[in-house]
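Here is a short briefing on one structure. Please look over the sequence and the model before reading the notes.

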Amino acid sequence: MRHLAAYLLLQIGGNASPSAADIKKVLGAVGIEADDERLEKLIAELEGKDVNALIAEGSSKLASVPSGGAVAASGGAAAGGAPAAAAEEKKEEEKKEEKEESDDDMGFGLFD
């Protein structure tokens, strides 16, 4: 990951195709030792490819991965029972307030 981050930093900085030496220099500047094997693999995989296109392709692949499905299902249920949700919220607030009040009865203050 650190090799890819250095590669992307160099590209943002204007270096269209960073070399292994360029990446080692960036990593060395922050005290990180580069792994030559991984670095060479990264350079070989990214050679001749547009990084922006790769990022866009990866984003579209991630968009198809289901995530948070349970949240979406419960969100729809909460929309139908909005008054019940509001009542639950008030109960939670009351419980929180009671907790805060009970902390005052400990018999000592923060700076005593």
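**A buried histidine**

His3 is buried, at 6% relative accessibility. Buried means under 20% relative accessible area, exposed means over 50%, and partly exposed lies in between (1.4 Å probe, protein chains only). This is a predicted model: local features need pLDDT of at least 70, side-chain atom pairs count only at pLDDT 80 or more, and totals for chains, interfaces and linings use all residues. Residues are numbered from 1 along each chain as its sequence is written, and side-chain values use heavy atoms, with hydrogens and water left out.

**Around His3**

- His3 sits in helix H1. Helices (H or I, at least four residues) and strands (E, at least two) are DSSP runs, numbered from the N terminus.
- Setting aside neighbours within four places in sequence, His3 is in contact with Ile23, Leu27, Ala34, Asp35, Arg38, Leu39 and Leu42. Contact means heavy atoms within 4.5 Å.

**H1 against H2**

- The axes of H1 (residues 2–12) and H2 (residues 20–29) come within 9 Å and cross at roughly 105°. H1 is therefore roughly perpendicular to H2.
- Axes are lines fitted to C-alpha atoms, for helices over the stretch in contact, and angles run from 0 to 180 degrees between N-to-C directions. Under 35 degrees counts as roughly parallel, over 145 as roughly antiparallel, 65 to 115 as roughly perpendicular, and the rest as oblique.
- On the H1 side, Arg2, His3, Ala6, Tyr7 and Leu10 take part; they meet Asp22, Ile23, Val26 and Leu27 of H2.
- The residues of this contact divide into six nonpolar, one polar and two charged. Ala, Val, Leu, Ile, Met, Phe, Trp, Tyr, Cys and Pro count as nonpolar, Asp, Glu, Lys and Arg as charged, and the others, Gly among them, as polar.

**The nonpolar core**

- Twelve residues make up the largest nonpolar core: Ala6, Tyr7, Leu10, Ala20, Ile23, Leu27, Ala34, Leu39, Leu42, Ile43, Leu46 and Val51.
- A nonpolar core is a set of buried Ala, Val, Leu, Ile, Met, Phe, Trp, Tyr and Cys residues joined through side-chain atoms within 4.5 Å.
- H1, H2 and helix H3 (36–46) are the elements that give two or more residues to this core. H3 gives the most, with four residues.
- Beyond its neighbours within four places in sequence, Leu46 is in contact with Leu4, Tyr7 and Leu54.

**Salt bridges**

- The count is three salt bridges. A salt bridge is a side-chain nitrogen of Lys or Arg within 4 Å of a carboxyl oxygen of Asp or Glu.
- Lys24 pairs with Asp36 in a salt bridge, with the closest N and O atoms 2.7 Å apart. Lys24 lies in H2 and Asp36 in H3, so the pair ties together parts that are twelve residues apart in sequence. Lys24 is partly exposed at 37% relative accessibility, and Asp36 is partly exposed at 41%.
- Arg38 forms a salt bridge with Asp35, the closest N and O atoms lying 3.6 Å apart. Arg38 is exposed at 57%, whereas Asp35 is partly exposed at 32%.
- Glu57 forms a salt bridge with Lys61, and their closest N and O atoms are 3.5 Å apart. Both lie in helix H4 (residues 51–63), four residues apart, about one turn of the helix. Glu57 is partly exposed at 41%, and Lys61 is exposed at 53%.

**An exposed loop residue**

- Glu33 is placed in the loop between H2 and H3. Glu33 is exposed, with a relative accessible area of 70%.
- Glu33 and Arg2 are 31 residues apart in sequence and 10.0 Å apart in space, C-alpha to C-alpha.
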